[in-house]
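Thank you all for coming. Please have a look at the sequence and the model on the screen, and then I will walk through a few parts of it.

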Amino acid sequence: MQAETEPVSLSSIAKSQKIPAKEFITQYKNHISGFYDWDQLEHADEWLLFSKNIGKHLSIDEVAITNGELYTVLTNKAAKGLKGAVIAIVAGTKAADVTEVLNTVPEKQRNVVKEVTLDMSNSMEAIIKQAFPQAAIVTDRFHAQ
C-alpha cells in the first residue's frame with residue numbers, strides 16, 4: 001500500500017480513490033495496518049524498542065516532544081537518521097527506567113556496542129554504563145563548547 005512505502009496521508013489516498021476519508025482511515029487502522037497485532041502495542045505509550053537496529057556506534061539524548069514531555073532516544077549512527085536509526089524511545093530520562101528497557105536486549109547483543117555519544121548528562125552516562133558496559137562513552141563536542 002502506498003501509505004507504507006511513501007510519505008503520503010491516508011486522506012490523500014482516500015481522496016484519490018474517491019472514498020470517504022474518515023471511513024478509509026478507520027479501516028486502515030483497524031484492519032489493514034496490523035496496529036492491533038503490533039507486538040509493542042501494550043507498552044508503546046511508555047517505550048519502544050527496536051533491538052535489531054543496535055550497531056557498534058550509538059547516540060543517546062533526551063528530547064522534549066510536546067508540553068515539556070521528555071523522552072530518551074537511542075539511535076544507531078550508521079543509519080544516519082534514516083531507516084533503522086531508532087533503537088529505543090523511552091518516556092522520561094530516569095536511568096533506572098531506561099536501563100530496564102534496554103536490559104531486555106540480550107547481553108551478547110548489547111556487547112556489540114563499542115561507542116556511545118552523549119551530552120554531559122549524568123543520567124545518560126549512567127544508562128550507558130549499565131546497559132552497554134563494554135562501550136566507550138564519548139561526550140558530544142557540541143555540548144562541550
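Let me begin with a question: does S59 count as buried or exposed? Before I answer, please keep in mind that this is a predicted model, in which local features need pLDDT of at least 70, side-chain atom pairs count only at pLDDT 80 or more, and totals for chains, interfaces and linings use all residues. Residues are numbered from 1 along each chain as its sequence is written, and side-chain values use heavy atoms, with hydrogens and water left out.

Now to the answer, for which we need the cut-offs: buried means under 20% relative accessible area, exposed means over 50%, and partly exposed is in between, with a 1.4 Å probe and protein chains only as cover. The accessible areas themselves come from the Shrake-Rupley method with that 1.4 Å probe. At 19% relative accessibility, S59 counts as buried. S59 has its place in strand β2, residues 57-64, where helices (H or I, at least four residues) and strands (E, at least two) are DSSP runs numbered from the N terminus. Along the chain S59 and D140 are 81 residues apart, yet their C-alpha atoms are separated by 9.1 Å.

Let us turn to strand β4, which covers residues 86-91 and includes A91. A91 is partly exposed, with a relative accessible area of 22%, and its C-alpha atom is separated by 22 Å from that of G55, which is 36 residues away along the chain. I89 is also found in strand β4, and it is partly exposed, at a relative accessible area of 27%. I89 and L49 are 40 residues apart in sequence, while in space they are 6.7 Å apart, C-alpha to C-alpha.

Next come the helices, and I would like to start with α4, residues 95-102, whose buried residues are A95, V98, T99, V101 and L102. Why do these residues sit on the same side of α4? They do so because they cover an arc of only 160° around the axis, the arc being that of the directions from the helix axis to the C-beta atoms. On the other side of α4 we find A96 and E100, which are exposed.

K129 brings us to charges. Which residue does K129 meet in a salt bridge? The partner is E125, and the distance between the two side chains is 3.1 Å, N to O. A salt bridge here is a side-chain nitrogen of Lys or Arg within 4 Å of a carboxyl oxygen of Asp or Glu, and by this rule the count comes to 1. E125 is partly exposed, with a relative accessible area of 28%, whereas K129 counts as exposed at 51%.

There is also a negative surface patch, formed by D45, E46, D97 and E100. Patches are made of residues with over 30% relative accessible area and no salt bridge, with like charges joined within 9 Å and nonpolar side chains (Val, Leu, Ile, Met, Phe, Trp, Tyr) within 5 Å. Lys and Arg count as positive and Asp and Glu as negative, while His and the chain ends are not counted. The place of a charge is taken as NZ of Lys, CZ of Arg, CG of Asp or CD of Glu.

Finally, let me point out two lysines in loops. K18, in the loop between α2 (10-16) and α3, has a positive phi of about 60° although it is not a glycine, and at 75% relative accessibility K18 counts as exposed. K80 has its place in the loop between β3 (70-76) and β4, with a phi near 50°, again a positive value in a residue other than glycine, and K80 counts as exposed at 71% relative accessibility.
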